[in-house]
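Please read it alongside the structure shown below.

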Amino acid sequence: MSAHRRIVLIAVVGALIISISGPLVRLSGVSPATSALFRCAYAVPPMLVLAWLERRRLGPLPVKGRVLAWLAGVVFALDLLFWHHAIDYVGAGLATVLGNLQVFIVAFAAWALFRERPSTRLMIATPVVFAGVVLISGMFDSAAYGSDPVMGVWAGIATSVSYAAFLLLMKAGPERAAGPLAHATVVATVAIALLSPLFGGADLVPGWPAHGWLLLLALGPQVLGWSLITFSLPRQPAALTALLLLIQPMTTVALSAVALGERPSALQLAGCLVIILGVLYGSLSRSRAREVHDVELSKVA
């Protein structure tokens, strides 16, 4: 297996692991700020151990890498707070689909920051995808799923902006996994604790079985899933990583239907399909073109 395919496989496995995040948040039964806080807090000790092992092997994390990781931690805190509220408003499945509008934000931002020009197809797909967002919002649907679908859409869009900023900051850092993610997780924990009063407040002593679900959320998606994704981010185009992360919303929608009994309306499911197909149409050709380009460069080298 080529090095490129191994990196893609690592990103795919990471995306599959983080796809259980939404259902675990719902199963914990705690407030959005509480689940966001403990997701990061419980992840700090194992992340520090992994970062220490990485430091022994590769040396200290450069100053630039630490600063980028700290900034990433702040926007990751916002990502989690907005996303966990979106889960509260429209359920784990729809909230995860909305959060993955980051594909478009990452693609256009990568054009400006890394000169990874988005394809014409991506530009064409953008208004199509936002039509899917309108369908999920339930604006024209009396049977829309969720306690507040419109607020869910706004929280989902805020999630996407924060999520995109997090991915781009982590991509701009050094080719390491544990160190940057450990720094980002520590900063995110502190930021969530400080910001939680603005997001409904966090319960510092949730009971059982909530603690069990939150611990699983921290060790699975936060530590293992994001370690794999963070490893792959600096090693492949940003748009390709964003595309591979589409595995997450597709898997989460299915898991939420089976495990949580979430039943979005027909129009909302149509909106999910429009978003996923639009992103695939807009991103896939560009990602393939970049992969071919990378292969040709490796042949020249």
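Helices (H or I, at least four residues) are DSSP runs, numbered from the N terminus. The model is predicted, so to speak of local features pLDDT of at least 70 is needed, side-chain atom pairs count only at pLDDT 80 or more, and totals for chains, interfaces and linings use all residues. Residues are numbered from 1 along each chain as its sequence is written, and side-chain values use heavy atoms, with hydrogens and water left out.

A search of the whole structure finds 4 cavities of 30 Å³ or more. On a 1 Å grid over the protein atoms alone, a cavity is a set of points where a 1.4 Å probe fits but cannot get out, whereas a pocket is an open set with protein on both sides within 12 Å along at least five of seven lines; lining residues have an atom within 4 Å of a point. A volume is the space filled by probe spheres set on the points, which are joined across faces, edges and corners.

| Space | Volume | Helix giving the most to the lining |
|---|---|---|
| Largest pocket | about 170 Å³ | H4, 5 residues |
| Largest cavity | about 130 Å³ | H5, 6 residues |

Among the 14 residues that line the largest cavity, Asp79, Trp83, Tyr163, Trp226 and Gln248 lie nearest its centre, and H5 and helix H8 (149-171) each supply at least two residues of this lining.

H5 (residues 63-99) also packs with helix H12 (residues 247-259), their axes coming within 7 Å and crossing at roughly 170 degrees. Axes are lines fitted to C-alpha atoms, for helices over the stretch in contact, and angles run from 0 to 180 degrees between N-to-C directions. H5 and H12 are therefore roughly antiparallel to each other, a term used for angles over 145 degrees. Ala92, Gly93, Thr96 and Val97 in H5 meet Gln248, Pro249, Thr252, Val253 and Ser256 in H12, where contact means heavy atoms within 4.5 Å.

Helix H4 (residues 44-58) and helix H9 (residues 178-195) pack at an angle of about 150 degrees, with axes 8 Å apart. The contact includes Val44, Met47 and Ala51 of H4 and Gly179, Leu181 and Thr185 of H9.

H4 and H9 each supply at least two residues of the lining of the largest pocket. Of the 13 residues in that lining, Ala51, Arg55, Leu61, Gly179 and His183 are the closest to the pocket's centre.

Key: Parallel < 35°, antiparallel > 145°, perpendicular 65-115°, else oblique.
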